[in-house]
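I opened this structure today to look up a few residues. My notes follow.

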Amino acid sequence: MATAPTPESRRRLVLVDFDWQDADLVPDLLKQPGVSIRLVAGSSADDAGMRLAELCGLPRTTDLADLTREIFDLALVSERSPRRSQVEDLLRALGTPCVTPQSFAWSEPVEDLVAKGPDSSLPLDTATDGLDSGGPDLDEVLEQALPDLAEEPPAPPPTPTVESPRIEPEPEDLPTLEDRDGLEAALRRLMSSTGATTAELRLGNVESMDRVVGIGAEDLLLNGLVELARRTGAPQVVGDLTGAGEGKAWGAWPFRTAQHGGVVAAGGIVPGTGWTEWQRRVDELRDGWGRQDRERIGVTFPLVPDSKSGWLEVQEFSMRLELARERNRRDGLRFALHRLDFPGSTPAVDRLSKDLPRRLRDTDSICRPTSHRMLLLLAAGGRDRFPSLRRRITQSWQKAWLEEGNERPVPGITEERIDLTKTGDTDRFMAKAATWLTDLS
């Protein structure tokens, strides 16, 4: 005897930009025991799909940012949607397969279609949570799993002007960090123009890096400079003052982007300005790779695959701020940056720092630029979660203060906040963030 699908086993669907030709499918979907329509998205409340969703009591939205609020198993996007490409790009970044309503209606059962993943046009993200009616409260689950989304619609695009848009210069023939052949070709060109005899690129983190491109014989001096650059995060350049290599330079230049870290190094660079050319070129490559990272993951931030959780260094936190600006520019998702200053006892702040990360979500970003200051970057929405988080931080601070042997009363936390709500706020938001990160007072 067949059993009815449990809420957890139902396939979660999102319907996008349905017109009257597509709307006939909705009643059939509602009758299927194996699916659950989790959201209906349209460009306006008068769309056929939106009006039908209202009649059927289905959740609906006109904000594409809400597509990132939940993980869907499959998206049905009207083939006549004027923004189909934009929607598919967004869902592709989230790992949600897309099909047209017609192809879905003619296809095999939804379980088989979803299981195909890439054959359904996009790869499948297998993360699941039971969010159907009768299960946990949706807002409560999202509070623990995903950031709140902006209620405000994104600001309309600015009116075009006759001036040409400002275009940031790209390094010539910029390869991606996944293009090993392109990276090797770029290093060989630079070696040829500066007389270097050996060069390499390593990728990884402070703990370890892998040599992904290497040209020339092994060079012990270069290996030492690479290790020093990796550990310190600062460029390392030395010159040979005597012997056959007199006047030549060896250098290692570290770089970091939103998702990558590494070191570019070269040895035997000809005397003169050869090493400064390497430094200039690495700066250009770092900026170009940084733009590539922001464009690739900015659409889903703060939902970034394999992102580092817990305490971030100042440079890493600054990159998260750049990603927040990119996400806000794309679809208006709002962010809030909180500055918390803790007076008095550094040991008490240290104790609090050990406990605080477990009280945050993986999508929250946290940094401690000074011994008595913490910065929190949170995605902000209609229901601001910070007040409850602030209460938990205060309780942890009071406990840490007393456990360090300090006397009552426990000093209060000084708090300041700045919001990124509209694209016009960007410069003020970034300037204030930079001040909080660098002000040591």
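Is Ala-45 buried or exposed? I found Ala-45 exposed, at a relative accessible area of 53%. I use buried for under 20% relative accessible area, exposed for over 50%, and partly exposed in between (1.4 Å probe, protein chains only).

Two notes on the source. The model is predicted, so local features need pLDDT of at least 70 and side-chain atom pairs count only at pLDDT 80 or more, while totals for chains, interfaces and linings use all residues. Residues are numbered from 1 along each chain as its sequence is written, and side-chain values use heavy atoms, with hydrogens and water left out.

I placed Ala-45 in the loop between strand 2 (35-41) and helix 3 (48-56). Helices (H or I, at least four residues) and strands (E, at least two) are DSSP runs, numbered from the N terminus. Not counting residues up to four places away in sequence, Ala-45 touches Met-50, Arg-51 and Thr-62. Contact here means heavy atoms within 4.5 Å.

Next I looked up Asp-364. Asp-364 sits in the loop between helix 12 (346-355) and strand 13 (365-370). Asp-364 is buried, at 4% relative accessible area. I see its side chain reach the backbone nitrogen of Arg-361 at 3.0 Å.

Then I turned to backbone geometry. Most residues other than glycine have a negative phi, and most peptide bonds are trans. Asp-17 is not a glycine, yet has a positive phi of about 60°. Asp-17 is also buried, at 9%. Arg-408 and Pro-409 are joined by a cis peptide bond, with omega about 0°. Pro-409 lies in the loop between helix 13 (386-403) and strand 15 (414-420).

Note on methods
A polar contact is a pair of N or O atoms within 3.5 Å; within protein, one must be able to donate a hydrogen and the other to accept it, and residues adjacent in sequence count only if both atoms are side-chain atoms.
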